[in-house]
Structure formats: structure tokens, C-alpha cells
Amino acid sequence: MYEYIKGNVEELTPAYAVVEAGGVGYYINISLQTYGALATGAPAKLLVHYIVREDAQILYGFTTPQERELFRMLLGVSGVGGNTARMILSTYSPRELVNIISTENATLLKNVKGLGLKSAQKIIVELKDKITGIGSATGLETAGMSVAAESGCYEEALAALTMLGFSRAASEKTLRGVLKEDPAITVEEAVRRSLKKL
């Protein structure tokens with residue numbers, strides 16, 4: 001129904017963005033990959049995927065067509081919903097995910113919160129032959145580079161992890177370790193590394 005929404009980013013968190021277009025504020029669920037490419041107060045064009053359920057109408061937004069294509073492929077796997085697909089794309093960049101699937105690395109894929117080994121294997125089996133060409137597409141490495149490292153990195157990354165469903169205590173411990181290893185890390189990369197350890 002909707003192809004994209006173009007407007008000003010009025011609110012931005014690691015889990016969602018509110019984009020105002022034509023006087024309407026759209027609440028759009030996003031991955032960390034997309035979060036890293038957006039800035040509050042700046043214009044943005046988000047490619048969207050619209051899901052209608054009995055109890056909700058949900059928009060998911062992406063800054064690259066490759067990420068949206070992977071999201072849609074993940075939704076095509078039985079048992080994978082929008083939040084699981086978003087969690088996978090928050091844990092791994094599109095390039096990393098394509099590599100994991102093409103090399104059949106189910107052990108690495110099951111590190112995503114809420115994804116067991118059987119589900120990871122199922123995703124790999126169903127998508128291995130469908131992802132050809134996505135990994136070599138341009139634009140996969142450009143998103144996620146615009147968030148400047150700043151002193152508020154810890155608080156922002158912690159808020160992101162708790163929004164994604166992790167306990168505050170576990171998030172704090174993991175995040176401290178990540179920031180100790182690399183104090184100049186961006187918010188997006190801090191959350192990504194923490195997701196891989198939680």
C-alpha cells in the first residue's frame with residue numbers, strides 16, 4: 001500500500017522514528033541499521049513495509065532497499081514476525097546477514113534474541129537460494145555511519161537495549177564491557193555489539 005514516506009524526523013529512538021509528512025506524524029518501527037542513518041530534525045525518506053493485523057496496523061521503515069528486501073524475505077519464513085525480523089536486522093547488518101545465510105552459519109544466527117537453533121536453521125534453509133545478489137548490492141555499508149560518538153552514548157545505547165526487551169541489569173553490564181573495549185564507539189555499534197553478547 002505504501003512505498004515510502006518522505007518527511008522530517010520529529011522523534012528518533014533506536015526502535016522507532018516519528019516522521020512528519022504532509023502534516024501527519026507516522027510512527028515507524030526501525031532497526032539499528034536504519035537508526036544509524038537518521039538524525040532528529042533532518043529530512044528523511046524511509047522505504048516502508050506495511051503490516052495489517054486484526055489488532056494493529058504497523059509500519060516498518062528502512063533507508064536502503066536491500067534491508068527492506070531482507071526484511072520481507074525474513075517475514076516469508078514461517079514463524080518469523082516483524083519484531084523478530086527487525087531484531088535480526090538490528091543484530092547484523094544486511095551484508096553480515098547475507099554472509100551468515102550463504103555460509104549456513106546457524107550457530108551465529110541463533111545469537112539473535114528470541115531465535116533458537118531450529119528457527120535459525122529454518123531461516124537459512126528457506127533463504128539460502130533467495131539471497132543471491134543482495135550481498136553485492138551497493139549501499140549496504142553506507143547506513144549507520146552518521147551517529148557521532150558522544151558522552152551520551154551509554155545512556156542512549158542502554159535505552160535502546162531496554163526498548164528491545166533486554167533487562168536493564170544485563171544491558172548495563174554488557175554495555176560497560178563494550179564501551180571499555182572501545183570508548184569512542186558510536187551508539188549504533190555499541191548496541192549492535194551488545195546484542196551479540198546478550
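1. A residue is called buried when its relative accessible area is under 20%, exposed when it is over 50%, and partly exposed in between, with a 1.4 Å probe and protein chains only. The structure is a predicted model, in which local features need pLDDT of at least 70, side-chain atom pairs count only at pLDDT 80 or more, and totals for chains, interfaces and linings use all residues. Residues are numbered from 1 along each chain as its sequence is written, and side-chain values use heavy atoms, with hydrogens and water left out.

2. pLDDT is the predictor's confidence in each residue, from 0 to 100. The chain averages 86, and 90% of the residues score at least 70. Over residues 136–151, however, pLDDT stays under 50. Where pLDDT is low, the predicted coordinates should not be read in detail.

3. Helices (H or I, at least four residues) and strands (E, at least two) are DSSP runs, numbered from the N terminus. Helix 7 spans residues 153–163, and its buried residues are Cys153, Tyr154, Ala157, Leu158, Ala160 and Leu161. These residues lie on the same side of helix 7 because they cover an arc of only 160 degrees around the axis, the arc being that of the directions from the helix axis to the C-beta atoms. They pack against helix 8 (168–181) and helix 9 (187–197). After helix 7 comes Gly165, with a positive phi near 105 degrees.

4. A nonpolar core is a set of buried Ala, Val, Leu, Ile, Met, Phe, Trp, Tyr and Cys residues joined through side-chain atoms within 4.5 Å. The largest such core has 59 residues, of which Leu74, Leu97, Leu109, Ile123 and Val191 touch the most other members. Helix 7 supplies the largest share of this core, six residues. Contact means heavy atoms within 4.5 Å. Beyond its neighbours within four places in sequence, Val191 is in contact with Leu32, Ala157, Ala160, Leu161 and Leu164.

5. Two strands pair if DSSP finds at least two bridges between them. Strand 1 (residues 4–12) runs antiparallel to strand 2, with four bridges, and Leu12 stands opposite Ala17. Strand 2 and strand 3 are also antiparallel, joined by six bridges, with Val18 opposite Tyr27. In strand 2 (residues 16–21), five of the six residues are buried.

6. Leu46 belongs to strand 4 (residues 43–52). Leu46 counts as buried because its relative accessibility is 0%. Its C-alpha atom is separated by 5.3 Å from that of Phe62, 16 residues apart along the chain.
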